[in-house]
Amino acid sequence: MMTFAELPDTIPLFPLPGALLLPRARLPLHIFEPRYLQMLEDALKTRQRMIGMIQPRGMPASGGEKRLSAIGCAGRVTAFSETEDGRYMITLTGISRFRLRREVPGFSPYIRAEVTWDGFERDLGRTEQDDGFRREQFLDLLGRYFASEQLATDWGTLKDAEDELLLNSLSMLLPFEPEEKQALLEAPTLSNRRETLVTLIEFALRSGGEEEILQ
């Protein structure tokens, strides 16, 4: 486990709309653009092997560059394989959220930024528990959502998964809008993330004609 003192002050950023990484979760990525291939090669040369996932947001700023969200999550490259045509399949394991301080100017083809990890110390701690989690009611709500969205899943795995793994995996995988994914990322605690997740699912069900069923 990485310590707070080991976190770098500057990291490469991968702005990818709708892609959510959370602490202690794993995110598979397909890297093929030349600038991000260079980013990966550079990251693999460092001791931490860290890449920061962050959401673009709002309207393009001057010069055509999109603004970035204030908060992202950094992950460590824990697995990678190269395809015959030079692309990479990698896995990022979430380490900690960060707050963007400023982009670092330079000649790099990808974005590098100074970040601060202050306020996210709990991300480096143990697996979180959610004492208010009512699993049976939540899974009932989730079942209605999956039916409305015509999604399939392994219900046995969901029923047996630990609270954090279940809630974080759903936050990352369900087809929410980028702004909604950002709200899930910024939730201070696992309980807050579960409440946000429930709100988003209930909103989707109401939009699709279902009634609200879980407070």
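Biologist: In what order do the elements of the protein run from the N terminus on?

Modeller: The model is predicted: local features need pLDDT of at least 70, side-chain atom pairs count only at pLDDT 80 or more, and totals for chains, interfaces and linings use all residues. Residues are numbered from 1 along each chain as its sequence is written, and side-chain values use heavy atoms, without hydrogens or water. Helices (H or I, at least four residues) and strands (E, at least two) are DSSP runs, numbered from the N terminus. The order is β-β-α-β-β-β-β-β-β-α-α-α-α-α.

Biologist: What radius of gyration does the protein have?

Modeller: The radius is taken over C-alpha atoms, and the globule rule is 2.2 Å times the number of residues to the power 0.38. For 215 residues, a compact globule would come near 17 Å; the protein agrees, with 18 Å.

Biologist: Which residues have the most contacts inside the largest nonpolar core?

Modeller: Such a core joins buried Ala, Val, Leu, Ile, Met, Phe, Trp, Tyr and Cys residues through side-chain atoms within 4.5 Å. Buried means under 20% relative accessible area (1.4 Å probe, protein chains only). The largest core has 47 residues; those with the most contacts inside it are Phe138, Leu142, Leu174, Leu197 and Ile201.

Biologist: Which residues is Ile201 in contact with, leaving aside its neighbours within four places in sequence?

Modeller: Contact means heavy atoms within 4.5 Å. By that cut-off, the partners of Ile201 are Phe138, Leu141, Leu142, Tyr145, Leu174 and Phe176.

Biologist: What share of the residues of the protein count as buried?

Modeller: The count covers the 215 residues of the protein. The buried share is 42%.

Terms used
Buried < 20%, exposed > 50% of the residue type's maximum accessible area, 1.4 Å probe, protein only.
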